[in-house]
Amino acid sequence: MTSETTTMAGLGDRLGTPPPLSQLKTDTLSGLTVALALVPEAVAFAFVAHVHPLVGLYAAFMVGLITAVFGGRPGMISGATGALAVVMVALVVNHGVEYLFATVILMGVLQILAGVMRWGKFIRMVPHPVMLGFVNGLAIVIGLAQLSQFKVKDASGAMVWMTGTPLYMMLGLVALTMAIIWLAPKITKAIPAPLIAIVAVSVLVIAFDLPIPRVGDMAAIAGGLPEFHIPMVPLNLETLQIIFPYAAILAAVGLIESLLTLNLVSEMTDTHGGTSKESLAQGLANVVTGFFGGMGGCAMIGQSMINVKSGGRTRWSGIAAALFLLCFILFASGLIEQIPLAALVGVMFMVVIGTFAWRSLKIMKDIPRHDAFVIVLVTAVTVYSDLAVAVVVGVIVSALVFAWQAAKRINIKVGVEEHGWKVYELSGPLFFGSVANFNDLFDPKSDPEDVVIEFKNSRVWDHSALQAIDSLASKYDEQGKKLHLRHLSPDCKELLHKANKFIEVSVIDDPPL
């Protein structure tokens, strides 16, 4: 405990954070700001998933609280998200909300397993262009999600776009909110700018009774404490077959979004987060949420950006956000329902501006073309499909580009030793991408009886490389000649030893250096 406190204090000094009491105040106000912005988000995502608004609000409270206490990234906010909601739709429509609760529990179990197995470390394999595409894509998704607030019900109950005076008033209040957020830090940093903007615009709308959509127009948020509830589903193999595919997808999407958000917040605050710890916390949060009637959740990049930019740095900011949200549900629903949606839309638009990696547009002409392509690809797939698919596609494309580039780096130097043996000194990795070039480097028909491949500057990486060596040895054998391998690294020798059933080639002792 002392070591952790010392470390955090050191980080605080390095980041120039206020003294602990001031930071507590900042975190509390930041948590209040996040909680206000969470309400319409949680309600909207509940509607997307075809569940009651309280199911989304309970998820935002419980997931937010548990991950704030036990997560691997202080200051990161978690709750019900759109990325998960869109996956849940088919399950809820076809099987009902009880199956959703069971799925969320299984999702949490899978995430706990990922944390125990330390699979979170593989997030390090995500290249920087994929991260930029992820950030840009999510910024666009967050921005597009706000457009639904510009719709109202007509006489028949259908949702239609605003027109005329209501639209102009809505746009004006959104612009006013954004202007306050931009100007407030120039006057004072004692109170988070988004909180000042929400309060100011809310007072204006309530005082003049402006006919602008408010939080209460979306849904009533009043409710009681979440109650323990075992999902009412049959405990049999058929149920498992229904919920497991959804649980696996939700677990993957949740962890990918959470761990990428963790990396982003860590980069912004110049601190480090624990991926395995975050995976365990996300899993625990979803297991608990499933037993208390919540729709599950993961890290929320938009709310995390609000928290970080409002000064939230410690676990208390996330805990405060969750507790404020619960207070809204229990005691202050009437007041919160009066907040104009325009104020919250303005806050989220400022989040979009702050989240989008604008520098990625400037560097497009300076970085390799394949990296620029990956940024655009991941951004597009995030917008038109979902985050998990986008990240996987980006990683695969980046890996293929890397393999192609590495395959072109294999080359050879040819020499002859005193006793007449011809030596091919190989440089570069030998793997599936480079075996074609490797085979073109040799001439079994005109080479002498003994040929040596020098691996001092090369490595054998996979089965394709082993097969290429075996095929080359066979070609020399057909010519009555012998192929020798020299200076193999210990791991390459081990690979050849395991493949001795089909690799028949002479591995000669390495000469003394």
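Predicted model: local features only at pLDDT ≥ 70, side-chain atom pairs only at ≥ 80, totals over all residues.

Student: What makes 20 Å the expected reach of H4?

Tutor: H4 has 14 residues. The expected span is 1.5 Å times one less than the number of residues, and from its first C-alpha to its last H4 reaches 20 Å, close to that expectation.

Student: Which residue just after H4 has a positive phi?

Tutor: That residue is Gly-96, with a phi of about 100°.

Student: Which residues of H4 are buried, and what do they pack against?

Tutor: The buried residues are Gly-82, Ala-83, Leu-84, Ala-85, Val-87, Met-88, Leu-91 and Val-92. They pack against helix H2 (20–48), helix H5 (97–116), helix H10 (237–269) and strand S4 (298–299).

Student: Why is Ala-83 called buried?

Tutor: Buried means under 20% relative accessible area. Ala-83 has 19%, and therefore it counts as buried. Leaving aside neighbours within four places in sequence, Ala-83 is in contact with Val-253 and Glu-257.

Student: Why is Glu-454 placed in the buried class?

Tutor: Its relative accessible area is 6%, so Glu-454 falls within that class, which takes values under 20%. Glu-454 lies in strand S7, residues 450–460. Its C-alpha is separated by 4.5 Å from that of Glu-425, which is 29 residues away along the chain.

Student: How do you know that the length of H2 agrees with its number of residues?

Tutor: At 1.5 Å a residue, the 29 residues of H2 should span 42 Å; the end C-alpha atoms are 40 Å apart, and therefore the two values agree. H2 also has a kink of about 30° at Leu-38, shortly before the proline Pro-40. After H2 comes His-50, whose phi is positive, near 65°.

Student: What describes the packing of two helices?

Tutor: The description gives the angle between the axes and the distance between the axes. Helix H3 (residues 53–70) and helix H11 (residues 275–291) pack at about 145°, with axes 9 Å apart. The crossing of H3 past H11 is right-handed. Among the residues making the contact are Ala-59, Met-62 and Phe-70 of H3, and Lys-277, Glu-278 and Ala-281 of H11. The contact residues divide into nine nonpolar, four polar and two charged.

Student: How many residues does the whole protein have, and what percentage count as buried?

Tutor: There are 513 residues, of which 51% count as buried. The protein has 21 helices and nine strands, and its C-alpha trace spans about 100 × 60 × 55 Å along the principal axes. Among contacts between residues at least 6 apart in sequence, 81% join residues at least 24 apart.

Key
Residues numbered from 1 in each chain as written. Heavy atoms only, no water. Axes fitted to C-alpha atoms, helices over the stretch in contact; angles between N-to-C directions. Helix = DSSP H or I, 4+ residues; strand = E, 2+ residues; numbered from the N terminus. Left-handed = near helix turned anticlockwise from the far one by under 90°. Contact = heavy atoms within 4.5 Å. Nonpolar A, V, L, I, M, F, W, Y, C, P; charged D, E, K, R; others polar. Buried < 20%, exposed > 50% of the residue type's maximum accessible area, 1.4 Å probe, protein only. Bend = angle between axes of the 7 residues up to and from the residue.
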